[in-house]
Amino acid sequence: MGIKRFHYARDVEEALSLLAAYEGRGALLAGGVDLARGLAPEVEGLIDVTTAGLAGISADGGGLRVGATTTLEAIRRSQEAQGYLGGFLAKVMGHVATLPLRNMATLGGAVVSAHPWADIPTALVALGAEAVWQNEELTEKASVEELYRRPFRAIFRRALLTEVRFPAWDGAFAFEKVARNAGDIALINCACGLGLDGEGKIAWARVAIGATPHRAKRLTAVEDFLTDEAPSEELWAEAAHKMKTEVEVGDDMRASAEWRRSAAAAIVRRALDRAAKGVTGDA
Ligand SMILES: Cc1cc2nc3c(=O)[nH]c(=O)nc-3n(C[C@H](O)[C@H](O)[C@H](O)COP(=O)(O)OP(=O)(O)OC[C@H]3O[C@@H](n4cnc5c(N)ncnc54)[C@H](O)[C@@H]3O)c2cc1C
């Protein structure tokens with residue numbers, strides 16, 4: 001692939017100084033499952049960041065902090081992730097590809113590769129997860145949702161994602177994915193979260209949809225529609241109907257826009273029902 005040198009970065013500073021020294025001809029390498037499929041021809045040096053001390057998961061109040069080089073399988077199995085939102089994030093990891101891939105792929109790699117068909121960005125956008133990154137001058141942070149509105153590929157040519165922070169939520173989330181088989185990528189996916197107020201009405205709602213085939217987005221019109229309403233099967237059906245008019249879908253080699261519109265409504269309805277049961281303890 002034209003690689004001339006391979007470096008094991010001992011820490012974040014070394015990774016960043018190597019990256020800067022290559023002046024665009026170096027690339028950060030984590031699990032490599034994505035990078036191995038296509039590396040820019042100008043890249044001469046690979047900088048392995050899995051040795052930079054970034055892996056790890058810790059509970060943070062009711063939230064969670066996950067180091068960028070933590071593998072997807074380590075998240076799936078960790079007690080901290082299983083204790084966060086009833087294991088929601090750990091369960092999402094179980095939907096990603098296959099075990100050998102999850103043993104290599106990292107959360108940071110998933111955030112930066114940001115495939116429109118991927119499941120992880122959908123969950124991260126719904127959860128309001130915050131990405132933390134560092135370049136040679138400063139440390140920056142932004143919600144993953146906001147990051148994807150910025151030229152993030154250019155940002156990560158000069159910066160290292162160090163951590164993803166997950167906020168505490170008083171409620172429950174559910175994830176749904178439709179794929180041709182368990183190990184395949186999504187034809188459509190969604191993550192929905194709900195919290196209830198003291199009267200049993202919906203205090204907040206989060207609805208994110210991905211693989212439309214565009215990258216994950218929140219549907220704030222559907223979230224607003226649900227807020228202050230009482231949870232019910234009828235409400236999920238109405239939200240699903242609204243979803244059909246709000247969601248931006250397209251055709252690709254995997255599915256038609258028409259199919260995606262119907263499937264999006266069906267999985268959001270199912271996820272809302274599961275999230276509501278999660279809040280009330282009926283799940
Ligand atoms: C066959 C296959 C099936 C898949 N199936 C699914 C699926 O079902 N659901 C799903 O959600 N995803 C899926 N994915 C996507 C997968 O989750 C990501 O490709 C993976 O997480 C990338 O992580 P990595 O550590 O291997 O990244 P790498 O390949 O090492 O890197 C990917 C990119 O991110 C950059 N990068 C990596 N770490 C950092 C960092 N810390 N800071 C800055 N830049 C960084 C690299 O320079 C590179 O540009 C699949 C991928 C493959 C190849």
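A salt bridge is counted here when a side-chain nitrogen of Lys or Arg lies within 4 Å of a carboxyl oxygen of Asp or Glu. The structure is a predicted model, in which local features need pLDDT of at least 70 and side-chain atom pairs count only at pLDDT 80 or more, while totals for chains, interfaces and linings use all residues. Residues are numbered from 1 along each chain as its sequence is written, and side-chain values use heavy atoms, with hydrogens and water left out.

**View 1. The interface of domain 1 and domain 2 holds 0 salt bridges by this rule.** An automatic or database domain assignment supplies the domain bounds, and the chain is divided into domain 1 (5-48), domain 2 (57-166) and domain 3 (172-280). Taken over C-alpha atoms, the centres of domain 1 and domain 2 are separated by 19 Å. Domain 1 gives 13 residues to the contact and domain 2 gives 15 residues, where contact means heavy atoms within 4.5 Å. About 1100 Å² is buried between these two domains, and carbon and sulfur atoms give 70% of that area. Buried area is the accessible area (1.4 Å probe) that two parts lose on being put together, summed over both. Of the area that domain 1 buries against domain 2, 41% is supplied by Leu16, Gly31 and Val33, more than by any other three residues.

**View 2. Glutamate 163 and arginine 65 form a salt bridge between their side chains.** The N to O distance is 3.6 Å. Because glutamate 163 lies in strand β8 (residues 160-166) and arginine 65 in strand β5 (residues 63-67), the pair ties together parts that are 98 residues apart in sequence. Helices (H or I, at least four residues) and strands (E, at least two) are DSSP runs, numbered from the N terminus. The count by the salt-bridge rule comes to 27.

**View 3. Helix α11 (residues 233-246) packs with helix α12 (residues 257-280).** The angle is about 150 degrees and the axes are 8 Å apart; axes are lines fitted to C-alpha atoms, for helices over the stretch in contact, and angles run from 0 to 180 degrees between N-to-C directions. Residues that meet include Trp236 and Met243 in α11, and Val268 and Leu272 in α12.

**View 4. The peptide bond from threonine 212 to proline 213 is cis.** Its omega is near 20 degrees. Proline 213 lies in the loop between β11 (202-210) and β12 (217-218).
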